[in-house]
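Welcome, and thanks for taking a look at this one.

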Amino acid sequence: MAITLEQLNAFVETVDKGSFKQASIRLGKHKSTVSGLIANLEAELGMDLFIRKPRSLEITPQGSEIYRYAQSVIRECDLLDVKANSLLEGLPSRFTIAVDNDLMGPDIANICSKMVSAFPSIELKIIAVDTMQVRSHVLNEQADIGFGIALFSGHHELTVADGYSFNVVFAASPQLHCREKLVTLEKVRGMLQVSALFMKQIAREDTHNLSSRTIYSNSLRNSNEVLKHIQAWAMLPEFICREDIETGRLDKMYISPTASERPNQWSTEISWLTAKPRNAVMNYVIDELAKLPDR
């Protein structure tokens, strides 16, 4: 059996368009050429694919079955062509991005969507991890690119590029009655603080912990939820707690007199192994992450 891709394309287009004429226009071939290709396919298969009527075509039951298989073969051939081109271009077969749990959202999903379109042959993996695991996944080569909250220092094996910045606010449980109030440091020291664990892990708790009593969380989103159930406060990205503050489930307080005018800011970072040669996929992801606007 010597079935050709040209024959299958002619058959599928004829089914989709409903006639040899319309299929020939779509394929850029003469009507008789398309009809001949399908006749040769029928001869190879030993069955009629169409019932030919004076003014129309009707697909046979056998033709309907063959149509589904023909579509699959054409799709696989297209994927083979894409894969071959990606290998010639030196693109990786797989690509993994480690993303900080607290930064996951529609913007990351949009980048993934564009990657799938730009590099259809690549197996893409997105791993959501806590802040400290982002770099470790890259260092251990479990991820090609890391995107997380900036850790305020470099690493000799990593190249670290700046991502977007975001406002950080002092969010508090409503039971503390601090909504839109300027709270003295003395009073803050007596409150319970839900502190970011990564700040302790990078030895920055002295600048982050303002209260004498603290509990730690490795997720800022979890910290936001904890504040709804206990009398405590936390430094949180505004994009995480904004809705809860606006709806009254949490309060926003101030510790610095200028905080309402000049809010605290943290930033994000993009990291990858310095020793790892950059390819088109890495460059694409780095550029897309770097273009994300401040929040």
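Two rings of Phe, Tyr or Trp (its six-membered ring) count as a pair if their centres lie within 6.5 Å. On that basis, ring pairs connect Phe147, Tyr164, Phe166, Phe198, Phe239 and Trp266 into a cluster. Please keep in mind that this is a predicted model.

**Aromatic pairs**
- The structure contains 10 aromatic pairs.
- One of them joins Phe11 and Phe50: the ring centres are 5.6 Å apart and the planes meet at 65°, so this pair is edge-to-face, a label that applies over 60 degrees.
- This pair ties together distant parts of the chain, with Phe11 in helix α1 (residues 5-17) and Phe50 in strand β1 (residues 50-52), 39 residues apart.
- Both Phe11 and Phe50 are buried.

**Charges over rings**
- Phe239, a member of the cluster, has the charged end of Arg295 over its ring, 3.7 Å from the ring centre.
- Over the ring of Phe152 sits the charged end of Arg204, 4.3 Å from the centre.

**Strand β5 and its partners**
- In strand β5 (residues 145-149), 5 of the 5 residues are buried, so the strand is largely enclosed by the rest of the structure.
- Strand β3 (residues 94-100) runs parallel to β5 and is joined to it by 3 bridges; Ala98 stands opposite Gly146 in β5.
- Strand β11 (residues 264-273) runs antiparallel to β5, with 4 bridges between them.
- Phe147, which also belongs to the ring cluster, stands opposite Ile270 in β11.

Notes: Residues numbered from 1 in each chain as written. Predicted model: local features only at pLDDT ≥ 70, side-chain atom pairs only at ≥ 80, totals over all residues. Heavy atoms only, no water. Phe/Tyr/Trp six-rings, centres within 6.5 Å; stacked < 30°, edge-to-face > 60°. Helix = DSSP H or I, 4+ residues; strand = E, 2+ residues; numbered from the N terminus. Buried < 20%, exposed > 50% of the residue type's maximum accessible area, 1.4 Å probe, protein only. Lys NZ or Arg CZ within 6 Å of the ring centre and 35° of its normal. Pairing = 2+ DSSP bridges.
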